[in-house]
Amino acid sequence: MAADLPLATQFADWQRAGLDPAACPVRNVLDQVGSKWTVLILTALAPAPCRFSALFRMMPDISKRMLAQKLRELERDGLVTRAVFPTKPPSVEYRLSAMGESVLGPLAGLTIWAERNFPAIREARAQFDAVSGDGADEAAVRPPPAPATRPNTLP
């Protein structure tokens with residue numbers, strides 16, 4: 001499949017090929033890259049390598065366990081590299097791999113689209129909820145509360 005094919009044509013080709021959903025490369029990669037934590041971690045590592053504690057401070061609403069899990073997944077997928085320095089205690093630094101850097105362009109496009117369209121999406125959600133009487137998504141419409149313990153240094 002050529003990269004310049006429209007998405008609808010690609011989708012039709014996948015259907016005709018009988019692509020196994022479990023083996024679908026798009027689903028597989030987007031499961032990881034589409035995660036909110038992955039986006040934040042890749043964005044945080046874009047300018048320079050970081051130690052775990054620096055990454056943790058940049059993301060006030062992530063737990064240490066989740067950050068460690070996501071970093072391991074990103075390392076496993078080849079998007080992040082981990083370097084251990086022989087100091088006492090050992091120092092660990094994370095950086096984007098070449099493949100990790102290659103996803104920043106498409107990720108930036110999606111981020112820009114999300115920022116540009118978020119007000120319209122919030123309005124659409126509010127209109128839908130008003131018409132349907134379903135307030136289940138009200139939490140998604142409200143901005144998250146400000147963190148109480150750590151400052152947010154990511155945009």
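**Group meeting: sheet and core of a predicted model**

Arg-82 stands opposite Tyr-94 in strand S3. Before going on, the ground rules: this is a predicted model, where local features need pLDDT of at least 70 and side-chain atom pairs count only at pLDDT 80 or more, while totals for chains, interfaces and linings use all residues. Residues are numbered from 1 along each chain as its sequence is written, and side-chain values use heavy atoms, with hydrogens and water left out.

Helices (H or I, at least four residues) and strands (E, at least two) are DSSP runs, numbered from the N terminus. Two strands count as paired if DSSP finds at least two bridges between them.

Back to the sheet. S2 and S3 (residues 91-96) run antiparallel and are joined by 6 bridges. Another facing pair is Phe-85 and Ser-91, the latter in S3. A hairpin of 5 residues links S2 to S3. The sheet is open, with 3 strands in the order S1-S3-S2 and antiparallel pairing. Its edges are S1 (50-51) and S2 (80-85), each pairing on one side only.

Next, the core. A nonpolar core is a set of buried Ala, Val, Leu, Ile, Met, Phe, Trp, Tyr and Cys residues joined through side-chain atoms within 4.5 Å; buried means under 20% relative accessible area, with a 1.4 Å probe and protein chains only. The largest one has 22 residues, and Leu-42, Leu-45, Leu-55 and Leu-67 touch the most other members. Helices H3 (36-45), H4 (52-58) and H5 (64-76), along with S3, each supply at least two of its residues. H3 gives the largest share, 5 residues.

What does Leu-55 touch? Leaving out residues up to four places away in sequence, Leu-55 touches Ala-44, Leu-45, Cys-50, Leu-67, Leu-71 and Tyr-94, contact being heavy atoms within 4.5 Å.

Terms used:
Buried means under 20% relative accessible area, exposed over 50%, partly exposed in between (1.4 Å probe, protein chains only).
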